[in-house]
Amino acid sequence: EGTRSNRWGLGTWIEVDACGRKQMRFQNGLANGYSQSLVPAHFGLGTCDAPATVRVRWPSGTDQVVENVTTG
């Protein structure tokens, strides 16, 4: 949840690194096809249960890194 940019984190780049795999997502809040886009970012990590590193680039230009994020 943003405090300096916007509350929903719209316009952020999010990267999740877990189990040797990296996934990235641009958080735009737009609808996708015939479905709605959820504001919370969801990353499918399959059976990975190792801690993840999450990197966020906020619209304000601030970079944030959170390590040892629980997966599963």
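Reader: How many helices and strands are there in the protein chain?

Author: This is a predicted model, in which local features need pLDDT of at least 70, side-chain atom pairs count only at pLDDT 80 or more, and totals for chains, interfaces and linings use all residues. Residues are numbered from 1 along each chain as its sequence is written, and side-chain values use heavy atoms, with hydrogens and water left out. Helices (H or I, at least four residues) and strands (E, at least two) are DSSP runs numbered from the N terminus. Along the sequence the pattern reads β-β-β-β, and the count is zero helices and four strands.

Reader: What share of the residues of the protein chain counts as buried?

Author: Buried means under 20% relative accessible area, exposed means over 50%, and partly exposed lies in between (1.4 Å probe, protein chains only). Accessible areas come from the Shrake-Rupley method with a 1.4 Å probe, and for residues only the protein chains shown count as cover. The protein chain exposes about 5,400 Å², of which carbon and sulfur atoms supply 51%. Of its 72 residues, the buried share is 24%.

Reader: Of the contacts with a separation of 6 or more, what percentage joins residues 24 or more positions apart?

Author: A contact means heavy atoms within 4.5 Å. Among contacts in the protein chain with a separation of 6 or more, residues 24 or more positions apart account for 42%.

Reader: Which class, stacked, edge-to-face or tilted, describes the pair of W13 and F26?

Author: Rings of Phe, Tyr and Trp (its six-membered ring) pair if their centres lie within 6.5 Å; planes under 30 degrees apart count as stacked, over 60 as edge-to-face and the rest as tilted. The count by this rule is one aromatic pair. The ring centres of W13 and F26 are 5.2 Å apart and their planes lie at 50°, so the pair is tilted.

Reader: Which strands hold W13 and F26, and how many residues apart in sequence are the parts that the pair ties together?

Author: W13 counts as partly exposed at 47% relative accessibility, and F26 is also partly exposed, at 37%. W13 lies in strand β1 (residues 12-18) and F26 in strand β2 (residues 21-27), so the pair ties together parts whose separation in sequence is 13 residues.

Reader: Which residues make the nonpolar surface patch of about 360 Å²?

Author: Patches are made of residues with over 30% relative accessible area and no salt bridge; like charges are joined within 9 Å, and nonpolar side chains (Val, Leu, Ile, Met, Phe, Trp, Tyr) within 5 Å. The nonpolar patch of about 360 Å² is made by W13, M24 and F26.

Reader: Which residues are linked with E15 in a network of salt bridges?

Author: A salt bridge is a side-chain nitrogen of Lys or Arg within 4 Å of a carboxyl oxygen of Asp or Glu, and the count by this rule is three. E15, which is buried at 17% relative accessible area, meets K22 at 3.9 Å, N to O, while K22 is exposed at 58%. R55, partly exposed at 33%, forms a salt bridge with E15 at 3.3 Å between the closest N and O atoms. The residues linked with E15 in the network are K22 and R55.

Reader: How many residues apart are R55 and E15?

Author: The salt bridge of R55 with E15 links distant parts of the chain. R55 is in strand β3 (residues 52-57) and E15 is in strand β1, with a separation of 40 residues.

Reader: How far apart are the closest N and O atoms of D63 and R57?

Author: D63 counts as partly exposed at 48% relative accessibility, and R57 counts as partly exposed at 43%. These two residues form a salt bridge, and their closest N and O atoms are separated by 2.5 Å.

Reader: Which backbone oxygen does the side chain of T71 reach?

Author: T71 is found in the segment after β4 (63-69) and counts as buried at 15% relative accessibility. Leaving aside neighbours within four places in sequence, T71 is in contact with L45, C48, D49, A50 and A52. At 3.4 Å, its side chain reaches the backbone oxygen of C48.

Reader: Which strand holds N68, a residue other than glycine with a positive phi?

Author: Phi of N68 is near 60°. At 62% relative accessibility N68 counts as exposed, and its place is in strand β4.

Conventions. A polar contact is a pair of N or O atoms within 3.5 Å; within protein, one must be able to donate a hydrogen and the other to accept it, and residues adjacent in sequence count only if both atoms are side-chain atoms.
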